[in-house]
Amino acid sequence: MAMGKIFRGLVFFFEQIVPVFSFAVIFVSFIIGIFSRYVFNMPVVWTYEVSILAYMWTAYFGASYAYKMNEHVVFGLFYDGRSKAAKKFLRILYNLLIGVFLGMFFWPATTSILARTAKTGSLLWPQKYVFLPFVFMLLAVALRCAFNIYLELTGQSSDNESSDSALVEKAREKLEGEL
């Protein structure tokens, strides 16, 4: 029980806290860059690198959460007109293809990133640490795909909406009703 709580806490931290923090870093470094260039007429080189790296961290850590919340791009035109059984099959196939594809790249990406000896351009940060969020994204989304397949096969899926996603949708409807 304690391990599950720790795991959920880590997932929450990496899927939600890190992307919010890295997005704030993007904003602050962007403002510093503009302010130093146009107010002090002294451009700061590192702000561009920080904002690019923070954007990458936001995208890679946030991708797992977006997949979890079912907020990713889908081809609804093909999917929406199908029967419940066909939709279930398509969800399993979709998760299987994505999971296998990302799983295939996990080990080569991990070994390639960890073997890097180069450093970033202006801050000289080791690239092996800067690019590790890509490995997290591969693993997190592949595991999420496996979990989605499990939910489909055990009948616990609610038509491709997780309980979190359903709660978010209810909150959106309530908010729209108040406006």
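A crossing of two helices is left-handed if the near helix is turned anticlockwise from the far one by less than a right angle, and right-handed if clockwise. The model is predicted, so local features need pLDDT of at least 70 and side-chain atom pairs pLDDT 80 or more, while totals for chains, interfaces and linings use all residues. Residues are numbered from 1 along each chain as its sequence is written, and side-chain values use heavy atoms, without hydrogens and water.

**Exercise 1.** State which secondary-structure elements the protein has, and in what order.

Solution. Helices (H or I, at least four residues) and strands (E, at least two) are taken as DSSP runs, numbered from the N terminus. The protein has 7 helices and 0 strands. From the N terminus, the order is α-α-α-α-α-α-α.

**Exercise 2.** Describe how helix H4 packs with helix H6.

Solution. Two packed helices are described by the angle between their axes and the distance between the axes. Axes are lines fitted to C-alpha atoms, for helices over the stretch in contact, and angles run from 0 to 180 degrees between N-to-C directions. For H4 (residues 84-114) and H6 (residues 132-153), the angle is about 155° and the axes are 8 Å apart. H4 is therefore roughly antiparallel to H6 (over 145 degrees; under 35 is roughly parallel, 65 to 115 roughly perpendicular, the rest oblique). The handedness of the H4 and H6 crossing is left-handed. Their contact has 19 nonpolar, 5 polar and 3 charged residues. Here Ala, Val, Leu, Ile, Met, Phe, Trp, Tyr, Cys and Pro count as nonpolar, Asp, Glu, Lys and Arg as charged, and the others, Gly among them, as polar.

**Exercise 3.** Is threonine 47 buried or exposed, and which residues does threonine 47 touch?

Solution. Buried means under 20% relative accessible area, exposed over 50%, and partly exposed in between (1.4 Å probe, protein chains only). Threonine 47 lies in helix H2 (residues 46-68). Its relative accessible area is 6%, so threonine 47 is buried. Leaving out residues up to four places away in sequence, threonine 47 touches Ser29, Ile32 and Gly33, where contact means heavy atoms within 4.5 Å.

**Exercise 4.** Locate asparagine 41 and leucine 124, and give the phi of each.

Solution. Most residues other than glycine have a negative phi. Asparagine 41, in the loop between helix H1 (2-38) and H2, has a positive phi near 55°. Its relative accessible area of 64% makes asparagine 41 exposed. Leucine 124, in the loop between H4 and helix H5 (127-130), has a positive phi of about 60°. Leucine 124 is exposed at 52% relative accessibility.
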